[in-house]
Amino acid sequence: MLLMPQRDWQWIYNDTYGVLSVSLGLDMEFLTPYKSKALIPDALATMEFSVEHARFYIDFIERLGKSITVSDALKVQLSLNATAAHFMLKPQMPKSWYFDSSAVCVYSELAKVFQLRCQSVDVQVMVVESNIQSSLVMLLSPELALTDSKSLRQFDCIKVMNDRLQPLKISRHKSAAA
């Protein structure tokens, strides 16, 4: 079942876990993976889940249905994390040097899934913000080591130039008729 925004939803910085969360009413709280150092100052205080946030969240859920097949629970998780990243993360400069350039030109758009290649490892990412030159992407794969000492965890975001985004590789199965 998809969760639709309600008037009582609000952003709260959860001190116990040290991350931004969304209060979804009296009985539920959704924890994002985003810690205080990555958040804008307003995200550290209680703030309403605005109409603009709700529109983005609903649009993201709709776009997800067109780009990947996942459960409703995962759609909600991805959409809440994407909404938090879009509105609450500090602006980032692209960090494209970690990733290989793509041989194919792609069109980046919200909720579209791509691959990034880092140190001969391919991972899946989803676009959270996009413009002509760069995209803020959320890691869908479990983890990615960028260097020996720096890594990304699932749902972490990084900004990259669009020439680093690679189309998903589709495996084709051939069957021979007997």
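Biologist: Is Asp122 buried, partly exposed or exposed?
Modeller: Asp122 counts as partly exposed, at 30% relative accessibility. On this scale buried means under 20% relative accessible area, exposed means over 50%, and partly exposed lies in between, with a 1.4 Å probe and protein chains only. Keep in mind that this is a predicted model, in which local features need pLDDT of at least 70 and side-chain atom pairs count only at pLDDT 80 or more, while totals for chains, interfaces and linings use all residues. Residues are numbered from 1 along each chain as its sequence is written, and side-chain values use heavy atoms, with hydrogens and water left out.

Biologist: What does the side chain of Asp122 meet in a salt bridge?
Modeller: The partner of Asp122 is Arg117, with 2.7 Å from N to O; a salt bridge here is a side-chain nitrogen of Lys or Arg within 4 Å of a carboxyl oxygen of Asp or Glu. Arg117 is also partly exposed, with a relative accessible area of 28%.

Biologist: And how many salt bridges does the structure hold?
Modeller: The structure holds three.

Biologist: Where do Asp59 and Arg63 sit, and how are they separated?
Modeller: Asp59 and Arg63 are both in helix 1 (residues 51-67), and because they are four residues apart there, about one helical turn separates them. Helices (H or I, at least four residues) and strands (E, at least two) are DSSP runs, numbered from the N terminus. Asp59 is partly exposed at 27% relative accessibility, and Arg63 is partly exposed as well, at 30%.

Biologist: Changing topic, which residues gather in a patch of positive charge on the surface?
Modeller: Lys35, Lys37, Lys150 and Arg153 gather in that patch. Patches are made of residues with over 30% relative accessible area and no salt bridge, where like charges are joined within 9 Å and nonpolar side chains (Val, Leu, Ile, Met, Phe, Trp, Tyr) within 5 Å. Accessible areas come from the Shrake-Rupley method with a 1.4 Å probe, and for residues only the protein chains shown count as cover. Lys and Arg count as positive and Asp and Glu as negative, while His and the chain ends are not counted, and the place of a charge is taken as NZ of Lys, CZ of Arg, CG of Asp or CD of Glu.

Biologist: Where is Lys35, then?
Modeller: Lys35 is in the loop between strand 3 (29-31) and strand 4 (47-48), and it is partly exposed, with a relative accessible area of 38%.

Biologist: How about Lys75, buried or exposed?
Modeller: Lys75 is buried, with a relative accessible area of 15%, and its place is in helix 2 (residues 72-88). Cys105, by contrast, is exposed at 76% and is found in the loop between helix 2 and strand 5.

Biologist: Last one: what is the secondary structure of the chain overall?
Modeller: The chain comes to two helices and ten strands, running β-β-β-β-α-α-β-β-β-β-β-β from the N terminus on. The radius of gyration of the chain is 17 Å, close to the 16 Å that the globule rule gives for 178 residues, so the chain is as compact as a globular protein of that length. That radius is taken over C-alpha atoms, and the globule rule is 2.2 Å times the number of residues to the power 0.38. Of the 178 residues, 46% count as buried.
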